[in-house]
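Okay, thanks everyone for coming.

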Amino acid sequence: MLDKEIRECCKCLRLSQNLAEQAQITEGENHQEFLLKLLQEEIEHRKTARIDKLISKAGFYTIKTFNGFKFDEISLPPSVTPEYLKGLKFCETKTNIIMYGNVGTGKTHLSIALGMEACKKGIETRFYRTAALVNRLSEAKKEGTLSSFMKKIMKAELIICDEWGYVPLDITGAQLLFELISEFYEQRTLIINTNIEFSRWINVFYDKDMTAAILDRVLHHCHLLLFSRGE
């Protein structure tokens, strides 16, 4: 009977049912200690639930962490260390990360691991295969929902674009991606994974001026990570 009433109180106060469940197993030497432990458990429960929600919304197609990941074959800039990356210091300064190297060198693994760490720190993150992102932008434009879709993306603080340049874009797709990158500039942190050297980005975006403008925005505040292991 009491359990039902506690659950009703939790519902009225918009507290999770987890609180009612924990009330049955939590012990304390006095009422205050009991209440404190119960509230601490609720705080941890909400924190975990928020992280799980952020990871789900991020769109990772697989889950990767830093467990077993080695930086041995990655050339980092002098100011960048594995600890700096894991601490997500680059997100604080809205500094972009470009991961360049052959297929199968660990770019996707590292970017997802960084995205997972971001979610754990409460940073809203989005992960996209670049071609799929451009397709969604194109569909939204055709449907007249481009503005609302862009607003949804802009809610994220960290955006990861995987397989950048793997699939050539049409003119409209290139223009939409340029518009999105322009919106990110100095407002969001962007991680790009690519095996296309900068001089060949014009083969992806076609237009020389637009390619130069994209490079300017992406590289202005940027760390370049070179993945040297072969395919």
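Let's start at the interface of domain 1 and domain 2, where the rule finds 1 salt bridge. Keep in mind that this is a predicted model. Which side chains meet in that kind of contact? Here we have Glu 124 and Lys 57, with 3.1 Å from N to O.

The domain assignment puts residues 1-57 in domain 1 and 74-227 in domain 2. If you take the centres over C-alpha atoms, domain 1 and domain 2 are 39 Å apart.

How many residues are in contact across the two? On the domain 1 side there are 5, and they touch 8 residues of domain 2. Put together, the two domains bury about 590 Å², and 63% of that is on carbon and sulfur atoms. Within domain 1, the residues losing the most area to domain 2 are Leu 54, Ile 55 and Lys 57, which together make up 73% of what that side buries.

Okay, last stop: the surface. Val 103, Tyr 166 and Val 167 make a nonpolar patch there, about 230 Å². Where does Val 167 lie? You'll find Val 167 in the loop that runs between β4 (158-164) and α9 (171-184).

Terms used
Residues numbered from 1 in each chain as written. Predicted model: local features only at pLDDT ≥ 70, side-chain atom pairs only at ≥ 80, totals over all residues. Heavy atoms only, no water. Patch = residues over 30% accessible without salt bridge, like charges linked within 9 Å, V, L, I, M, F, W, Y side chains within 5 Å. Areas by Shrake-Rupley, 256 points an atom, 1.4 Å probe, with all protein chains shown as cover. Salt bridge = Lys/Arg side-chain N within 4 Å of Asp/Glu carboxyl O. Helix = DSSP H or I, 4+ residues; strand = E, 2+ residues; numbered from the N terminus. Domains from an automatic or database assignment. Contact = heavy atoms within 4.5 Å. Buried area = accessible area lost by both parts, 1.4 Å probe.
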